[in-house]
Amino acid sequence: MPGGYHRCSIDEGFPFLYVSDRFLKILGWTRDEIREKFDNKFLNIVYKDDYEKALYFADKMLSDETKNKEKYHEKIYRLVGKNGIKWVIDSTMLVKIGNESFYQGSIADITDFVEHEERQQEQLILATKRAEEANNAKSNFLFSMSHDIRTPLNAIIGFTELMEKYGDDPAKRKNYIEKLKIKLI
C-alpha cells in the first residue's frame with residue numbers, strides 16, 4: 001500500500017491507536033518521536049494553518065456517521081514532517097464496532113505534486129504579467145506612432161487643400177510645395 005495507515009481514537013486531539021511504518025516514513029518520525037514530541041495525537045502533527053480544516057474533517061465524519069452518509073472522506077492538508085511540511089491526501093473513515101468508535105485511514109504524500117503545481121502557478125502568473133507588460137508597450141508604441149504619423153499627414157492634407165484652393169497661382173503652389181518639403185524633413 002503506497003499510503004501510510006493510521007488509526008486514531010475519537011477522543012480530543014485524536015490520539016493514535018496505531019500508525020504503520022509507511023505513515024512514519026512519509027513524515028520521517030519514529031513512533032517514540034510521535035509519542036514524545038506530539039503527545040501521540042494526530043491533531044498535534046497537523047500544520048498550524050490547517051488545524052481547523054483537519055478538525056472540521058473529523059467532525060464531519062462524526063456528523064455524517066449519524067446520518068449514514070459517506071463512508072470514506074478525503075481531504076488535502078499539511079502535516080508536520082521531520083524534514084519540513086508534507087502535503088497529504090487523507091482518506092479516512094469512522095469505524096464503529098459495538099460501543100467503540102475510531103478513525104482509520106491512510107495518507108499519501110502529495111508534496112511533490114503540490115509544489116510542482118505551485119511552481120506552475122507562479123510561472124503562469126509571471127507569464128501573464130509579462131504578456132500584460134508587452135501589451136501595454138505595444139499600445140504605447142501604437143499611440144505614439146499614431147501621433148507621429150498624424151502630424152505630418154495633417155501637414156500634407158493642409159497644404160494639399162491650399163494647393164487645390166490656389167491652384168491657379170503657380171507661385172503659391174510652389175511656395176506650398178517648398179513648405180511641405182520642409183515640414184516632412
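The model is predicted: local features need pLDDT of at least 70, side-chain atom pairs count only at pLDDT 80 or more, and totals for chains, interfaces and linings use all residues. Residues are numbered from 1 along each chain as its sequence is written, and side-chain values use heavy atoms, with hydrogens and water left out. Helices (H or I, at least four residues) and strands (E, at least two) are DSSP runs, numbered from the N terminus.

**Strand pairing**

- Two strands count as paired if DSSP finds at least two bridges between them.
- Strand β1 pairs with β5 (residues 100-109) in the antiparallel sense, over six bridges; glycine 4 has isoleucine 107 in β5 as its bridge partner.
- Strand β1 also pairs with β2, again antiparallel, over three bridges, and histidine 6 has valine 19 in β2 as its bridge partner.
- Strands β4 (residues 84-97) and β5 run antiparallel and are joined by 10 bridges; isoleucine 97 stands opposite glutamate 100 in β5.

**Hairpins**

- The hairpin of β1 and β2 has six residues between the strands, and glycine 13 in its turn has a positive phi of about 85°.
- Two residues lie between the strands in the hairpin of β4 and β5, where glycine 98 takes a positive phi near 65°.

- Most residues other than glycine have a negative phi.
- Phenylalanine 14 has a positive phi, near 55°, and is found in the loop between β1 (4-9) and β2 (16-19).
- With a relative accessible area of 7%, phenylalanine 14 is buried (buried means under 20% relative accessible area, exposed over 50%, partly exposed in between; 1.4 Å probe, protein chains only).
- Aspartate 39 also has a positive phi near 55°; its place is in the loop between α2 (31-37) and α3 (51-67).
- Aspartate 39 is partly exposed, at a relative accessible area of 48%.

**Negative surface patch**

- Asp112, Glu115, Glu118 and Glu122 form a negative surface patch.
- Patch residues have over 30% relative accessible area and no salt bridge, and like charges are joined within 9 Å; accessible areas come from the Shrake-Rupley method with a 1.4 Å probe.
- A salt bridge is a side-chain nitrogen of Lys or Arg within 4 Å of a carboxyl oxygen of Asp or Glu.
- Asp and Glu count as negative, with the charge placed at CG of Asp or CD of Glu.
- Glutamate 122 is found in helix α4 (residues 111-165) and counts as exposed because its relative accessibility is 55%.

Conventions
Patches are made of residues with over 30% relative accessible area and no salt bridge: like charges are joined within 9 Å, nonpolar side chains (Val, Leu, Ile, Met, Phe, Trp, Tyr) within 5 Å.
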